[in-house]
Amino acid sequence: MKSLPFIDLSIVIAYLAGMVAVGVYFSRKNTSADQFTKASGRIPGWAIGISIYATFLSSNTFLGVPGKAFGSNWSSFVFSVSMPFAAWVATKFFIPFYRSTGEVSAYTHLEHRFGPWARTYAVICFLLTQLARMGSIFFGIALSLQALTGYPMSTIMVVVGICIVLYTVMGGMEAVIWTEVVQGVIKTIGALVILYLVVAGVSGGMPSIIEIGKTNDKFSLGTLAPDFTQASFWVILFYGFFMNLNNFGMDQNYVQRYHTTSSAKEAAGSVWLCVYLYVPVSMIFFLLGTCLFAYYQGNPELLQTIKMQVAAEKLPGGTTDAITNLAATLTPADYGDKVMPHFMVNKVPVGLLGLIIAAIMSAAMSTISSGMNASATVFSVDIYQKYIKSDLSPKQSLRLLYIATTAFGLLGMVTGIAMIGVKSVLDVWWMLSGIFAGGMLGLFLLGMISKSTKNTEALTATIIGIVVIIWMTFSTQLPDTYSHWRNPLHQNMIMVVGTLTIFLAGVLLTRLRRKEPVEKDVLLHSK
């Protein structure tokens, strides 16, 4: 931990002030709910593409991916490889569908197809997962910036949170998108700067890094064997496809942006621009992890400092000998997340550190601001106007969006602060929200593809899917006596199996319902 030099602090303050200034600038245009949620459909497609890219590239990616590559290999990069397949489905089917309905909420269609329960189910799942997601990103950014700046985690969250609330509330969707364009550029430059500094610190440069990476199997994309019990190539590919399809297809964060362009063609182009940007940039973060591995291989004394830090965290109050013994047993996977913050604290020169901190902030702020705007939109359209008061005046609609955006921002901040002391509770919350959200995509696909499926079949299929997801999630906790009832598949398959269960069960139940009248007619005629 160290105190942030004045020049770096000035860069960070200037960045935060600039983000708020963008919100002030666009606040003059926010005269209606349509402008606040859809920017009146006037945003160019390239800006939407960069904003979607910025939302994908969260602080979890910025800090977690290098740690993952350091601790294991590039198998998680297969998630990025799956993006073009999901983007093709989204641009061919989902975007034309949303543009034709004109509905700003991604979940209104579910009520038209299956009734109020489907819409309510999806909305509650979305809001819970968004709140948990914002909280985890607030917590993640504070954890990293505490090491870089020396300020308390709660202080970091409050300062960053207030800035996000200000520009998101004042500027609406237009401010969210244009700040994300800036943030997307800043975080990409930040990643390239860190990569350059790490490569420059390795004796022999990139050729030496590649050699060390090959020797330690760091470039592996996982086994190609059809094994679904471990994180194989196919498990990550299927998981990535379904998760990205969920993002592009029914996550309000992304669906809302499809309405901000002037045409379906521009909206589709924005999705492809996101893919063209995200896939190579995510590769840079994996390469960064491998470069850090090579750097610390050549500087084992620095690695020992990280190991001792992690061991001390695992043994709070432990003796020096106990901590030292534990440190000797740690593997790269145990301390991978610590290496990038350690490198930045000790090796990034004054001036550049401010830029890197701004990049980390950008990675968090872009995801949180879009989550706030999307959550407020869903709350306004799918909850308040649906169940409380439908006939709102333009001024009342706008005021409701202001209040809801502020509330979700503050709730996300409070959730992040709560993580400092009660992380285990929020881990359970993440798990539960994931359980129920896992069925959203299956239900949505059922409604779009199986046109003849009705309310009863959809509800039954959703219940079946949720039961399967709960079993797959919790069966690993069963005692050895019931080990044969445990889920044998890798945890990433829960999303895949849950989605397919709801969709296929709904299709099967629909076909069985169709056969019933035919069978009854046959019985009547035979009598």
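Because the model is predicted, local features are taken only at pLDDT of at least 70 and side-chain atom pairs only at pLDDT 80 or more, while totals for chains, interfaces and linings use all residues. Residues are numbered from 1 along each chain as its sequence is written, and side-chain values use heavy atoms, without hydrogens and water.

**The nonpolar core**

Select Y107, F248, Y296, M361 and M365, which touch the most other members of the largest nonpolar core, a set of 144 residues. Such a core consists of buried Ala, Val, Leu, Ile, Met, Phe, Trp, Tyr and Cys residues joined through side-chain atoms within 4.5 Å; buried means under 20% relative accessible area, exposed over 50%, and partly exposed in between (1.4 Å probe, protein chains only). Helix 9 (residues 153-201) gives the most to this core, 21 residues. Helices here are DSSP runs of H or I with at least four residues, numbered from the N terminus.

Next, centre on M365. Beyond its neighbours within four places in sequence, M365 is in contact (heavy atoms within 4.5 Å) with Y15, L16, M19, V160, C163, I164, Y167 and Q183.

**Helices 13 and 14**

Display residues 264-297 as helix 13 and residues 300-314 as helix 14; the two pack at an angle of about 110 degrees, with axes 6 Å apart. Axes are lines fitted to C-alpha atoms over the stretch in contact, and angles run from 0 to 180 degrees between N-to-C directions. Helix 13 and helix 14 are therefore roughly perpendicular, a class that covers 65 to 115 degrees. At their contact, Y295, Y296 and Q297 of helix 13 meet P300, L302, L303 and I306 of helix 14.

**Helix 3**

Select residues 45-56. Helix 3 has 12 residues and reaches 17 Å from its first C-alpha to its last, close to the 16 Å expected at 1.5 Å a residue, where the expected span is 1.5 Å times one less than the number of residues. Of these 12 residues, 11 are buried, so helix 3 is largely enclosed by the rest of the structure. Among the buried residues are I48, I50, Y53 and F56.

**Two loop positions**

Move to S105, in the loop between helix 6 (83-101) and helix 7 (108-114). S105 is buried, with a relative accessible area of 2%.

Finally, select D217, in the loop between helix 10 (205-215) and helix 11 (233-250). D217 has a positive phi of about 55 degrees although it is not a glycine, and D217 is partly exposed, at 48% relative accessible area.

Note on methods. Angles under 35 degrees count as roughly parallel, over 145 as roughly antiparallel, 65 to 115 as roughly perpendicular and the rest as oblique.
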